[in-house]
Every structure is written in structure tokens, then in C-alpha cells.
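Here are a few notes to read alongside the structure. Have it open and follow the points in order.

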There are 2 protein chains.
Amino acid sequence: MNEESVIARLRGARLHTGMGLKLGIGDDCAIYRPRPNQDLLFTIDFSIEGVHFGSNTDPEQIGRRALARSLSDIAAMGGTPRFCLVSLALTKATDEKWIDAFYRGLLRLARQYKTPLAGGDLSHANQIVCDVMVCGAVAKGKALRRDGARPGDILYVSGPLGGWRHKQDPQPRLAFGRKLIGKATACMDISDGLSLDLRRLCIASKVAASLERIPSVAGATIEQALHDGEDYELLFTAPPKVRVPGIAIGVITKGKAGKIVYQGKLVPALGYDHFRNRT
Amino acid sequence: MNEESVIARLRGARLHTGMGLKLGIGDDCAIYRPRPNQDLLFTIDFSIEGVHFGSNTDPEQIGRRALARSLSDIAAMGGTPRFCLVSLALTKATDEKWIDAFYRGLLRLARQYKTPLAGGDLSHANQIVCDVMVCGAVAKGKALRRDGARPGDILYVSGPLGGWRHKQDPQPRLAFGRKLIGKATACMDISDGLSLDLRRLCIASKVAASLERIPSVAGATIEQALHDGEDYELLFTAPPKVRVPGIAIGVITKGKAGKIVYQGKLVPALGYDHFRNRT
């Protein structure tokens, strides 16, 4: 196995040429031709052994989740994915079987959401490090941002919380996000836990929030629904008169930016912070 | 120090808003508005402690070179950089001083080449891992690819080889690359050594090459000029009648794709391969 042979195999697996992707794996850069009247969205997410997944995690699931995390960011802006770049650093212990399973999982999700693998980098490290960049598209000026929530807006989630990490086959909320275009005043995905991510949305929008109910998946506690990361449901706001899908969980209020109360009590931001939690 | 505080400091350092970048650090995605009649170029490159730099390397230089590697890929396609995304995984030993110096080096080069930092990811690992994605732009259909070299074309480099890694302040060949638009039949940057990268260009173009001279920087041997990585000069081809800048080093020939001879002798591909060299 060498770098060229991995690249040659991936080039064979290239999907959905066309769709604006003019050149994929194998040159210095990928070439993408944008369509008129669209903005492009860009997000990048690490998946690191010992941080985001364990050494014994099924590599197919690692690949799928690595891409799903970035697709979820595209969903949070109301976008449609266009292509991805995947950087992968392997350890001496990584064999061809692992690499094949990793790309099988990633490419299956890529195919489902029409997100061709357009390039990346290959290297080695002491632990497996994957970094996935996804480019998405959205109608010009229509991307859902997290800074537009206003006092009086209703606060929603796209589904019950606390369970994503247990799902075999998590699905990024791309179709749901697109339905919110022109309706939601703010939107983001819940990647580090409702309490921490809602705080971020409120700080960006310079508002506070009052939670009234927290929908949780079967088997999850309220604490898990409130603080667990990796939900990847969408958290969004809309004025009371605007009809949107989703579950209403509270209301945006005036007050100190980022202050969250749940049934009248102050909620601490206990979600996952990479620097705070690393020691 | 926590994730939010690093992000807040970087947001303050955001450069050159406008230029198509509508939203930078702090939301789920960056938003970029493409110009009409341009193709976009995408490249991503790891810089990993113990692989691409040593534990005692000046962090300012690590940051600068991490970005320079990706800018060099944009140069190789004849493009102009538009923005970058930077993923950074830190170790427990990384302090604020290191982080500040890393971003100082990276952002200084970013400012020089008008490449605003539009986002990224922050995490932790057992060794420092940086991954830099750069988006560039080029006139529609005009990107310089590596698959267009034809027998009879003259082979050139943009400068003498074997010395880049010793330079304090390496410069990606962006202006040079743009001068080759509409002239060069194939182009790439030399990142893994002339012998290996020329072989890649020849395989992509289904041609062979005959090297006649190998220009080396003062103090570098011919072997270093031929096989050392990290030159980041451009390697390109053009028909004999077309005037281009650069140093002629040989000619493209018919023959087995990827076969390279130097002054009549077969050249082995000894450049840097991440998988072959890792054991």
C-alpha cells in the first residue's frame, strides 16, 4: 500500500461528477464551478481517535459520522451539500481493511446526500485523525444564521434530544433545514449539547431564552437531553405567527445575552468544550 | 483558556471581509459569494508534529508554512486565494503563547496574500495536528491542470530546487502561476521532490520526460534538488513556441507514462510518500 494506490482506489470511487464538480481527486486542487445566484457554505470538522471515537469503534461508523458531522452544519444553514474533502492521518496499526471500511461508511453517506469526495490529504500520526470539509450551496442571501433570534420568537428543535450518539445510522437534517429557509430567524445544529449550543445562539443574537419543555428520546434523561453532545438535531427560532415544522421548547426573551432558564431555574452551560474538558 | 475565547480572539483577527466572504468565524459555516465566470479551487493539507515539523520548531514558522503549503497548490493551478479554513488539534502541553505565535505566523502570510481566515475546528490530540483548506478562484475553464503535457513540450521549473525548507520565509508562487494561464499545458507544485512529482505529472498526462539540467540553489546537491520535498516551486510544461518565465530543465517525450531520464539515465522516484516512508 502506498499513497498513490490509496488515491487510485478513491479516484475509482468518485461519485456524481458533474453537479458543478469539474475536477476531483488527483490534481493540486479540486475544481468547482458555482451556479449563479447561490452562496456557498463551508464547514470543517475533526474526528479524532480517543476524542470523537474509540480505538475499537467500527471504522465504517467512524467514516459515516465524520461526514455526518459536517453535513449537519450544512443542514443548520439550510444548504444542500455539493462536495467534500477528506484529510486522513493513519497510524502504523491501520490496515487496508480499516481504510476500506472507513471510506465505505463515508462514501455510502456521501452517495445518499450527493456529496462527491473531491479530494483531501493522506498522512500518518500517532492516533487516527480525520478532518472533513463540506461545501454546500444555498440561495443567495438566504443562509440560516445563528444571530437573528429576536425576543418573542418561539424556540424549536427538529426532534427529541439525547439519543443521536446511540443511533446506528444518524441522518443529518438536510431536508428539514431547507424547509426553514425564509421562515427561521436563527438556526444552528446541536453538536455540543442543547445547554451550550443554545447559549451560543443567544450570545450571537444578543438575547436570552426561557426553556419550557425538553423533548428527549426514549431512554434518555432530561439531563442527557439538555447537556449531551452529538445530537445533531437543529435548534431554531421563528416568530409566533410563522408556521414551521419541529417541536416548540421555549421562547426567546430580552435579558443578559446567553442567559438560559428552564422552568424558571438558571441552566448552566455544561456541554462539550474541547479546551475546558481536555485536562 | 477555552474554545470560545480562542474563537473570540480569532474573530477579532478576521481580515479582509468583503472580497466575497460574507460570513466568517463563529457560525455553523462560513458563507462565500462566488463571482460570475470564475471556477473555484479547493485544496487541503495536513501539518503534523513529528511528520511535517519538529516539536521544537518555531510555532510562527509552523503556522506560516501550514498555510504556505496550501497556497502553493492554488499557485499551481494559476489561481488567486480567496479564504482559508484552519483545523487545529492541540496537546495538553500547548500553551496560549504557542497558539498566539502559530496564528501570528499564519495570519501574517494570510494578510500578505489576502486570504482571510473564515473558520475551522479546534480540538485536542496527542501531537499537534493542523489542517489548512484554501479556496482560490480562477477564470472559468482556465485552471492549470497536470494532465495536459504533450510530447515535444518544454519542461520548466519556476526557480532553482533543493532549498525551500531552509528558507526563513518561503513564498508560494502565486504571481508566477497566474502568468502561466493560457500558456502552460500542464502545471503542478513540487511538494514531494522533483523526481516523484514529475513522475506524477507524466502519469497524469500519459507521457515520459527527459531531464537535461537540474537547477539547484547554492549549497544544495543535485541529489537534493532532484529528490528533496518541500520545494514548492512550480513544475510546468509549454510548447516550444510559447514564451513563458522560468528555467527550462528538459523535454516531454513519448514513452512509458511516468518514465523519467536524466542525461540519458533512468531516474528512480525517491521523493516523499507518506505511506511508503512511514515504517
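1. Start with where the two chains meet: 60 residues of chain A are in contact with 60 residues of chain B (contact: C-beta atoms, placed from the backbone, within 7 Å). Strand 3 of chain A brings the largest share of its side, nine residues, and helix 2 (59-76) is among the elements supplying at least two. Helices (H or I, at least four residues) and strands (E, at least two) are DSSP runs, numbered from the N terminus.

2. A quick word on the source: this is a predicted model, where local features need pLDDT of at least 70, side-chain atom pairs count only at pLDDT 80 or more, and totals for chains, interfaces and linings use all residues. Residues are numbered from 1 along each chain as its sequence is written, while chains are lettered from A and ligands numbered from 1 in the order in which they are written.

3. Look for A:Tyr32, whose bridge partner in strand 3 of chain B is B:Leu40.

4. Now the symmetry. Chain A superposes on chain B by a rotation of 180° with 0.0 Å of shift along the axis, RMSD 0.0 Å (least squares on C-alpha atoms of residues with pLDDT of at least 70 in both). That is how a two-fold axis relates copies.

Notes
Pairing = 2+ DSSP bridges.
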